[in-house]
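Please read the following report beside the sequence and the model. It moves from loops to strands and then to aromatic rings.

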Amino acid sequence: MKNKLILVIATVLSVFFSLTTKAQDSKILAGAGLKYATDISTMGIEAKGVYLASDTWEIAPAFTYYFKKNNVNWSTLDFDAHYVFSSDDKSTFYAIGGLNVTFWKFKMDGGSELDDYFGGFDLDASGSDVGVNIGVGSRFAISDKMYFNADLKYTIGNANYLSAGIGILYHF
């Protein structure tokens, strides 16, 4: 529930910023993509926004929901900054640094062959881990308003993992 609330707030803020700026002056990009994380070992769907703060700095929040695997649901909330070290009309290359919160929830319902031994049980546990992101990324123009986005970053903290993502961003 907490993850859905955060995603709704991020979406509302993205829409608000896009409506309050002129199209040609917009500094907002938003989009979606796919992400894979090594220790999570499953694919996820990512919603991402990028605010072009200056020619050198970008702010890039993202939320990723990973598909359930082995009775565990994972999701991540990233608050990243991009340091742009190369940019032109067609491509942008940047370094990534930021804060990550990784959420996990384990749930196993009774009703399995273990019921014969234990008389039915439910296991339920959840938690979150805070970490730091470091990595690199790029954006390539597909059209005047659409970009292909790719990034590779490592999260350092209690949940250490490498994640690779690709997606599409729209420049409002």
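Asn70 lies in the loop between strand S3 (57-69) and strand S4 (72-87), where strands (E, at least two residues) are DSSP runs numbered from the N terminus. Although Asn70 is not a glycine, its phi is positive, at about 55°. With a relative accessible area of 61%, Asn70 is exposed, a word used here for values over 50%, while buried stands for values under 20% and partly exposed for those in between (1.4 Å probe, protein chains only).

This is a predicted model, in which local features need pLDDT of at least 70 and side-chain atom pairs count only at pLDDT 80 or more, whereas totals for chains, interfaces and linings use all residues. Residues are numbered from 1 along each chain as its sequence is written, and side-chain values use heavy atoms, with hydrogens and water left out.

The loop between S1 and S2 holds Ser41, a residue other than glycine whose phi is also a positive value, near 60°. Thr38 lies in the loop between strand S1 (28-37) and strand S2 (42-52). Leaving aside neighbours within four places in sequence, Thr38 is in contact (heavy atoms within 4.5 Å) with Tyr161 and Leu162. The C-alpha atoms of Thr38 and Ser163 are separated by 6.3 Å, although these residues are 125 residues apart along the chain.

The strands S1-S2-S3-S4-S5-S6-S7-S8 form a closed barrel of eight strands with antiparallel pairing, two strands being paired if DSSP finds at least two bridges between them. From one strand to the next, the twist averages 25°, with axes taken as lines fitted to C-alpha atoms and angles running from 0 to 180 degrees between N-to-C directions. S1 pairs with strand S8 (residues 161-171) in the antiparallel sense over nine bridges, and Gly31 has Leu169 in S8 as its bridge partner.

The structure holds three aromatic pairs; rings of Phe, Tyr and Trp (its six-membered ring) pair if their centres lie within 6.5 Å, and planes under 30 degrees apart count as stacked, over 60 as edge-to-face and the rest as tilted. One of them joins Trp57 and Tyr83, whose ring centres are 5.1 Å apart and whose planes stand at 65°, so the pair is edge-to-face. Because Trp57 lies in strand S3 and Tyr83 in strand S4, this pair ties together parts that are 26 residues apart in sequence. Tyr170 and Phe172 form another edge-to-face pair, with 5.1 Å centre to centre and 85° between the planes.

| Residue | Relative accessibility | Class |
|---|---|---|
| Trp57 | 44% | partly exposed |
| Tyr83 | 38% | partly exposed |
| Tyr170 | 35% | partly exposed |
| Phe172 | 32% | partly exposed |

Technical notes
Helix = DSSP H or I, 4+ residues; strand = E, 2+ residues; numbered from the N terminus.
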